[in-house]
Amino acid sequence: MSAIYTTDEYGRPFIIVREQDKKSRKSGIEATKSHIMAAKTVANIVRTSLGPRGLDKILISPDGDITISNDGATIMSQMAIENQIGKLLVELSKSQDDEIGDGTTGIVVLAGALLEQAEELLDRGIHPIRISDGFERACKIAVAHLDKVSDVIPWSKDDTSDLFKCAKTSLGSKIVNKCHDQFAQIAVDAILAVADLERKDVDFELIKVEGKVGGELADTALVHGVIIDKDFSHPQMPKEIKDAKIAILTCPFEPPKPKTKHKLEITTVKEFEELQKYERETFETMVRQVKECGANIVACQWGFDDEANSLLLQHKLPAIRWVGGPEIELLAIATNGRIVPRFEDLSKEKLGSAGTIREMSFGTTNDNMIVVEHCANSKAVTVFVRGGNKMIVDEAKRSLHDAMCVVRNLIVDNRVVYGGAAAEISCSIAVEKEADQVSSIEQYAMRSFARALDVIPMTLAENSGLPPIETLSYVKSQQIKQGVWSLGVDCMDTGINDMKEQFVFDPLISKRQQFLLATQLVKMILKIDDVIVHRNDEQ
Amino acid sequence: MSTQLFNEGATEERAENARLSNIIGAIAVGDLVKSTLGPKGMDKILQSASSRGGDGLIVTNDGATILKSIPLDNAAAKVLVNISKVQDDEVGDGTTSVCVLAAEILRQAEQLLDQRMHPQTIIDGFRLATASARSALESSAVSHKDDEAQWREDLLSIARTTLSSKVLAADKHKFAEVCVDAVLRLKGSTNLDRIQIIKKAGGKVSDSYLSDGFILNKKIGVNQPRLIKGARILVANTPMDTDKVKVFGAKIKVSDTAQLADLERAEREKMRAKVQKIAAMGINVFVNRQLIYNWPEQLFADAGIMAIEHADFDGVERLALVTGGEIASSFDSPELLKLGACDTVEEIIIGEDRMVKFGGAAAGQACTVVLRGGTGQMLDEAERSIHDAIAVLSQTIAEPRIVYGGGCSEMLMSKAVDDAAKLVPGKKSIAMEAFAKALRQMPTILADNAGLDSADLVARLRAAHYDGKSTSGLDLFEGDVVDVVGKVTESFKLKRQVLLSASEAAEMILRVDDIIRCAPRQRRN
């Protein structure tokens, strides 16, 4: 029998792991080091995506589909990582994505840098727990310092210029920086349109991002209304309706279908005829009810019977069928209509209203979409993304989402820190300073934390083609000498390294979250000292 | 110490390797289709792996069709295939040009990368270049929509340009007329489903024609009139086999055969009533999307009505458009129903098949092109060519501006980019010059494909442009630089889309520095 075992004080074997050929075990420093190795490898992959001059990655799925992206969370989640520690990093960037929506690359790079530093400390013989304690203390200092260096940016519904600049910072690293201003403006406008300023809350459900290949990125537009990827149910219905009164239905134009199980038996000719009469009348009643409540267009979640469809056409009622659940809700919100589950419940008040509803057609393949504009309620918007190929449209959608998240974060909390790694550098200085005052062994770990923070500006400089060490030491000395915390790495080669003047802002909460989450994860990885992997039987 | 990070079978390519693999992939795709470019381009035979027989065989000159059919494994190559597909959906033609241009841009970028230029700097230069190329293209575009004769001449010229690189080149004048007439009948709609193309093997290609009426590839019912003048047509989508009870859960249950017979009779009566209702509308032609069973067919025959069954979705929709009728599914309120009308409905024979022709239609917003040709492959390719031409024309009607072809617009843009590059400080200007060079590759390829001395011709073309003759282009039949106004015309929308898609794709590919390929999914048979 193969097993890992030790012996007790009487020399009797004591089995720890049974059937070793099916399991593998790593323990102690060896385990920690192998974890650090894996994490570093992952971080190295996304490292080159950081910053405005970062590059993209191609990800090929198991089915051969291609994703081209600059977004850390997207890259990480599609890499199909098998390693456990790698998976933790994927989770890390995902949680940053869920919570903040931006800074998903930065967090992975930071975690990787922290682990790299931890490795050196381990080599010096410092216990992993002491390292993680030191990181914890350093992180607290850094976060406190972030608060200190943060600035409040004033914004109001009329003056959104600062929000716009933050959105630009987020979009800077993406391919859409081709139409930088336009996309940033779309992100700001979309968020402000749906934001609840009193509660400081933004409901992302109200913003729909719809993409269609064709045209170019600059054709992307914000529509104050809803776009539904459907066409009118009958080819001969009018393609444009002005001053639409829309009935939003979730019941099919079909004979009623009771939900309880039932059986209807026809035994005589009379019954047969009556049933047919009933059927015809149902259709007529349905259409009449819709017509009577004053609607001039119908949106329905379900399908129509051919007969009903033809009746709708005869009664000059254009209709859209098979409208999906989320779309029908958006439509209801946008037009101030109510979703009506039964024909009997239709009434004038429940109708939605919109200025125009029109069918838009694209290209040569008879692709249509229905645009609902000038709605009663402006609180539902759609961003319509165009681009030359499928991959670019997808990437533009992701980038817009990130930018919108940044704007949302600022509405929730309008404090910002300066980008271009200015915040990281100043935190690094602060941590280093504090470290000298710590008498215990943790000061080593704290210094390492500071060095890990330095990796971010170095990576930025490297990706921008600047000499990393030189740039970092220059900026650092400038910050200390002048006491200005907004100096950072001048990635775009503009000659100014004050990020305040370059308008490179990041939301404070995003940066803080990066520090906290990365430290937390690193602590977790350092605490693992034993891994037992069950292999699959077939291997 | 090494740790396995990815799934087994996954691979990663980094930095230089990734870039190299992308650029090589893109250039390979560009080179693959480049020989089909232009009026003297060659065709390709595509044979699918599954069918070794004749039926899987395609002979084509159409970039999108070629690229669609090749299974590619390279990521960058897939991006190019995608832009070509988008070009096909968006404009209908220029599918080869867009791939070739993107590949040429990347070929130039590769040299810059070799000189250790940062990809982002190259991209910045390319963006400036695209912007100046675009504005040059826009300012050179003209529209003659107000002048009817000139407008038609433009459309014909665009159609000829598109067709000249296809199999129909020999009869391009004839087919250009056919396409322009067909598109003008749509009255501005871009819905190409309204133009039906009927392919019939046999006869010569030049026997093809645009029918003055609308042809439905269906048969008329038994014992019904074969020719109707002054037709009043009802276009319907309704079951004419048995009218099922639609109420859910309904089921017929009888206890004896007499009852069954009664019910059967009731069913027949219902159908008779339906036919009578339809007949009472005063129609003499009835076209249904669904089946018509023998019994109602016979009833229609008795009423002297021509009934056509099983006209599919497109057929019914087109017919409704042609005759101006509405597609009906309920017949209880005839006063609300709009009937279609046309002068004659008759059975005609094309080749060996019988079809129904609707002549002298009221609305006439759909039409039929009948294609004849020697072989199936020939017909298929002819159809693709016609489709491309029609697509471009319909887009031109929506966006009436035109530009000049024969390498003229490319040279124009290249000149504009070169001029702009001189004013840009820094490394970006080198990238702009490279972009201009990529644009100049297009006329070079055109000339090469025609077997001409490209170096000489393109140099002369460039000289002509710098000499202020901004409408000079290549005449590939004469092998000379000429003024192409009125000779080779192309749609502005097409050229713009080619430029923008190609540069967007090139930019996207250049930005990549890492390729991660997941392990292919295991397929079980």
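Reader: In what order do the three strands of the open sheet in chain B stand, and what kind of pairing do they show?

Author: In this predicted model, where local features need pLDDT of at least 70, side-chain atom pairs count only at pLDDT 80 or more, and totals for chains, interfaces and linings use all residues, the three strands of the open sheet stand in the order 4-14-5 in chain B, with mixed pairing. Strand 4 (195-201) and strand 5 (209-210) of chain B are at the edges, each with a single partner strand, so one side of each has no neighbour in the sheet. Residues are numbered from 1 along each chain as its sequence is written, chains are lettered from A and ligands numbered from 1 in the order in which they are written, and side-chain values use heavy atoms, with hydrogens and water left out.

Reader: Which strand of chain B pairs with strand 4 of chain A?

Author: Strand 4 of chain A pairs in the parallel sense with strand 19 (residues 512-517) of chain B, over five bridges. Within strand 19 of chain B, Arg517(B) is the bridge partner of Ile60(A).

Reader: How many residues from each chain make up the contact, and what area do chain A and chain B bury between them?

Author: Contact means heavy atoms within 4.5 Å, and 87 residues from chain A and 86 residues from chain B take part. Buried area is the accessible area (1.4 Å probe) that two parts lose on being put together, summed over both; for chain A and chain B this comes to about 7,700 Å², with 54% of it on carbon and sulfur atoms.

Reader: Why is the link from Lys178(A) to Glu504(B) called a salt bridge?

Author: A salt bridge is a side-chain nitrogen of Lys or Arg within 4 Å of a carboxyl oxygen of Asp or Glu. The closest N and O atoms of Lys178(A) and Glu504(B) are 3.9 Å apart, so the pair qualifies under that cut-off. The count between chain A and chain B is six salt bridges.

Reader: Why is helix 9 of chain A described as largely enclosed by the rest of the structure?

Author: Buried means under 20% relative accessible area, exposed means over 50%, and partly exposed lies in between (1.4 Å probe, protein chains only). Eight of the nine residues of helix 9 of chain A are buried, and the helix is therefore largely enclosed by the rest of the structure; among the buried ones are Glu307(A), Leu311(A) and Gln314(A). The buried residues of this helix pack against helix 8 and strand 13 (319-320) of chain A, together with strand 11 (327-328) of chain B. Just after helix 9 of chain A, Lys316(A) takes a positive phi of about 55 degrees.

Reader: Is Ser454(B) buried or exposed?

Author: Ser454(B), which is found in helix 14 (residues 454-466) of chain B, has a relative accessible area of 12% and is therefore buried. Not counting residues up to four places away in sequence, Ser454(B) touches Thr444(B), Ala447(B), Asp448(B) and Ala459(B).

Reader: What makes Arg116(B) exposed?

Author: The relative accessible area of Arg116(B) is 67%, so it is exposed. Arg116(B) lies in the loop between helix 4 (95-114) and helix 5 (119-140) of chain B, and its phi is near 65 degrees, a positive value in a residue other than glycine.

Reader: Why is Met492(A) called partly exposed?

Author: Met492(A) has a relative accessible area of 40% and is therefore partly exposed. Met492(A) is found in the loop between helix 14 (468-482) and helix 15 (499-502) of chain A. Leaving aside its neighbours within four places in sequence, Met492(A) is in contact with Pro52(A) and Arg53(A), and although Met492(A) and Arg53(A) are 439 residues apart along the chain, their C-alpha atoms are separated by 7.7 Å.

Terms used: Two strands pair if DSSP finds at least two bridges between them. Helices (H or I, at least four residues) and strands (E, at least two) are DSSP runs, numbered from the N terminus.
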